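Dear colleague,

Please read the notes with the coordinates open beside you.

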Amino acid sequence: MAAARVLLVLSGRPESASFARSVCGLLGARPGLGPWPVHCSLKPGRLVLSSRPFPGASARLPLQRPPFCPFAVLHQQPRDPAAKLPTDRGVDLGVAIILQSSDQTVLLTRRARTLSVSPNLWVPPGGQVEPEEELLDGGLRELWEESGLHLPQGQFSWVPLGLWESAYPPRLSWGLPKYHHIVLYLLVISQESQQQLQARIQPNPSEVSALTWLTPDVAAAVAATEDGTKTPRLLPEDLPPSVLAVEVEEDGSTRPLVLPMSTLLRMIPTTAEDEERVSTGTKFALGLWLQHLGRTPPPRESGAHLDPGPAKEEWNMDLLPPSRGSGKGSVKSPPSPISVTLTEHSQPLLW
């Protein structure tokens, strides 16, 4: 059995999170859409969570799950399907990087069509954390493996944004969940512009089939299309009909791509499909990024009240340089020239 990646402090001491139980539920999630504040200890290769302060906790972050999270309803079924789930597995930990350029755009990548889990999803770079790996180092390693981008030491700052409880398949109507993750979203703010970063990108075609940079206005529209909600938010009338992207060919070459805005605004289907869209967790992360910038999402229709969520200070999210966030001080420089051969994770990161 692999070492536990997500631990919960439920009765005074850390214990492994159960694969079949909702982490949000175990930490006292109330009815509603959340998010819920949790206290966190960001340890190498693991994450310790609690609904209350505990020794070693270093951050207070929002924890969220989708309204249709399978783990939230498994035990409410007439014949408990949780009995069919693994009993010797815990909850895996993943890290995703929200990379912000100096001109305030963020990078999203489209997962390759050949991936067996969540193909065609638009997500930030990320993946599973290795045992004993610093969480920031793991996220920056995944950024490099997927995009070829290495951020020079001292030229970026970072802050944890929030946590997402993820399942695959994401809906119980698609089948029993095979994977269970907590994804830690880290905002990494580069001192380089989008143009400078884009010029250095060397995408890995086995994982990435396209990439794009979102402005705050477009990100706000994407974040407003919340999956599983019945009261959609009003979208700006001046949204562009498309955004510019880069498509990655199988041989690693790239070409310009005009990405329809309607693709980015799609919501999760009720039946299992590999339709191109932005993942539900990514929409949550984009909303947190906008809050960090001091922007709030657009209001909902029908006069519904929108809780903008706690202020940044309430989540304890101060910007950190690499030397404060990583026990190693920085991520090791990749070899040059870049040459990466990757295989799909046995426990893929979910969105």
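A residue is called partly exposed here when its relative accessible area lies between the 20% under which it counts as buried and the 50% over which it counts as exposed. By that criterion arginine 255, with a relative accessible area of 40%, is partly exposed, and glutamate 249, at 30%, is partly exposed as well. Please bear in mind throughout that this is a predicted model.

These two residues form a salt bridge with each other, the closest N and O atoms of glutamate 249 and arginine 255 being 2.8 Å apart. The pair belongs to a network, in which salt bridges that share partners join Arg110, Arg113, Glu247, Glu249, Arg255 and Glu276.

Within that list, the side chains of glutamate 247 and arginine 113 meet in a salt bridge with an N to O distance of 3.4 Å. Because glutamate 247 lies in strand 13 (residues 242–248) and arginine 113 in the loop between strand 7 (106–111) and strand 8 (121–123), the pair ties together parts that are 134 residues apart in sequence. Glutamate 247 is buried, with a relative accessible area of 9%.

A search of the whole structure finds 11 salt bridges, and one of them that I would also point out is formed by arginine 141 and glutamate 142, with the closest N and O atoms 3.1 Å apart. Both arginine 141 and glutamate 142 are buried.

If neighbours within four places in sequence are left aside, valine 188 is in contact with Ile97, Ile98, Leu99, Gln100, Leu136, Leu140, Leu151, Phe156, Ser157 and Trp158.

Since 8 of the 9 residues of helix 5 (residues 216–224) are buried, the helix is largely enclosed by the rest of the structure.

With best regards

Methods. Residues numbered from 1 in each chain as written. Predicted model: local features only at pLDDT ≥ 70, side-chain atom pairs only at ≥ 80, totals over all residues. Heavy atoms only, no water. Salt bridge = Lys/Arg side-chain N within 4 Å of Asp/Glu carboxyl O. Helix = DSSP H or I, 4+ residues; strand = E, 2+ residues; numbered from the N terminus. Buried < 20%, exposed > 50% of the residue type's maximum accessible area, 1.4 Å probe, protein only. Contact = heavy atoms within 4.5 Å.
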